[in-house]
Amino acid sequence: PLAQVITKLIGLGVMASQNEVIDEDTCILLADDFGKEINIVEAEEEISIEEEMGLNYEDKENQLKPRPPVVTVMGHVDHGKTSLLDVIKHSHVQTSEAGGITQHIGAYTVNVNNKKVTFLDTPGHEAFTSMRLRGAQITDIAILVVAADDGVMPQTIEAISHAKSANVPIIVAINKIDKPSANLDRVKQELLDNGLMPEDWGGDTIMVPVSAKTKEGIDDLLEMVLLEAEMLELKANPNRKAIGTIIEARLDKGKGPMATVLVQKGTLKFGDNVVSGFSSGRIRAMIDDKNKQIKKAGPSMPAVILGLSDVPNAGDLIYAVEDEKTARTIADKNKESSRESRINTNNRVSLENLFDRIKEGEMKELNIVVKGDVKGSVEALIQSLVKLTNEEVKINIIHSGVGGINESDISLASASNAIVIGFNVRPNINAIDLARVEEVDVRTYRVIYDIINDIESAVKGMLTPTI
Ligand code: GDP
């Protein structure tokens, strides 16, 4: 009887009500109290209400149609990311639409040889990884902008690591070739040193010399993006209820909540009932990146929608559903479960839990971000760390660099479930705060031997616990 179960639970210190979710340990204790044994068949994965309702189903191969690539521009500050995005935005709209772009909606689409390419309008790997942190990976191709006169800089290296750890292919735009001090070979050599081998040197990274100032090479760059997209065989089913990702959202004083949706599957239509997190509603206006009213948006297309009840979160999914009631019910359920479904950091790796996770077969790789005070010691450290790879676990250095531990390191570690090691460097205040929120294991050392020793012990389950 329910009353008995609840009484027992209270005895176990769980103030349960009728619809309480209880954890595995409590289940076992409770069953034990009743003289029963629990057999856990499968640990339930945390799934969203939308998934539970089967909204995010897989399409059949024959329903899939090619879709435009979604591109993010990354690179070091001042290397020309914004300039490049502007030039592309203004030089590749169809003549009928020329001059039509009046507002920033977070993404825009251009026509290249009658094919479409969608650009995310917020450059930088910070934006890229903050979307990943929310579980959204919408970028198909990264354009890495490197200034030909400045070469590879710290944020160039960060961007490479962020794109690589997300498995997003990189096309390099070597920018500012109009400058007299531009030196293509030097830049290529530096990129090679950082793991990107130029195609014309026998590697597989496309590198296109461009100038955002003179517009030289921009067409070549876009053609390369199309070529890469073709190789990726990007596809989606346009004929289903839409699923998209919120890429920007705000409250407009006159119009109410406005959100830019990047459609991923299906076609989002005027009049559709939609839900995203707590927010639901019926689309009462759709506007494209040229500020034109539209009736629908297919896969890889961005659109601003009006009609939501609340401002949704960037990075969250949005679903078109059958009717208004369904949308509202899902939004209500999301509200109810909001406390439980907050970003789940329980399965973060740390040196403490590493061994258990390896034992349970959950972890086959340990991802590490390494930062140090000088290049030589970072390299020496990496060499020693990768040697710790054994049959059970492979050590992956997903990013390394010289300098203090910054927010980029933490967000990368968080998005890739990595730990962060600092040798003779410390995290800055922002990094400390972010690491706390994201529960990223950050360790700093003054002696290389101690690092190796700790990782080795952790891999073998012999780490001395720290307080
Ligand atoms: P971001 O920080 O990467 O977004 O860089 P910006 O696009 O803001 O560009 C930084 C500076 O470089 C600006 O003063 C631009 O005018 C300049 N710049 C960008 N691209 C080029 C280029 O191709 N040639 C030259 N000469 N200057 C450029």
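How many bridges pair β9 with strand β16 (residues 317-321), and in which sense? Three, and the sense is antiparallel. The model is a predicted one, with local features needing pLDDT of at least 70, side-chain atom pairs counted only at pLDDT 80 or more, and totals for chains, interfaces and linings using all residues. Residues are numbered from 1 along each chain as its sequence is written, and side-chain values use heavy atoms, with hydrogens and water left out.

Strands here are DSSP runs of E of at least two residues, and helices are runs of H or I of at least four, both numbered from the N terminus; two strands pair if DSSP finds at least two bridges between them.

Six strands close it in the order β9-β10-β15-β13-β12-β16, with antiparallel pairing. From one strand to the next the twist averages 45° (axes are lines fitted to C-alpha atoms, for helices over the stretch in contact, and angles run from 0 to 180 degrees between N-to-C directions). Helix α9 (residues 324-336) packs on the sheet and touches β12 (273-276), β13 (279-287) and β16, contact being heavy atoms within 4.5 Å. The direction of α9 makes about 5° with that of β12.

Now for helix α12 (residues 407-415), which is mostly covered, with seven of its nine residues buried (under 20% relative accessible area with a 1.4 Å probe, protein chains only; over 50% is exposed, and in between is partly exposed). The buried ones are S408, D409, I410, S411, L412, A413 and S414. After the helix comes N417, which has a positive phi near 45°.

What does α12 meet in α6? E158, S161, H162 and S165 of α6 meet S408, S411 and L412 of α12. By class, that contact has one nonpolar, five polar and one charged residues (Ala, Val, Leu, Ile, Met, Phe, Trp, Tyr, Cys and Pro count as nonpolar, Asp, Glu, Lys and Arg as charged, and the others, Gly among them, as polar). The axes of α6 (residues 154-165) and α12 come within 10 Å and cross at roughly 10°. That makes the two helices roughly parallel, a label for angles under 35 degrees.

How values were computed
Angles under 35 degrees count as roughly parallel, over 145 as roughly antiparallel, 65 to 115 as roughly perpendicular and the rest as oblique.
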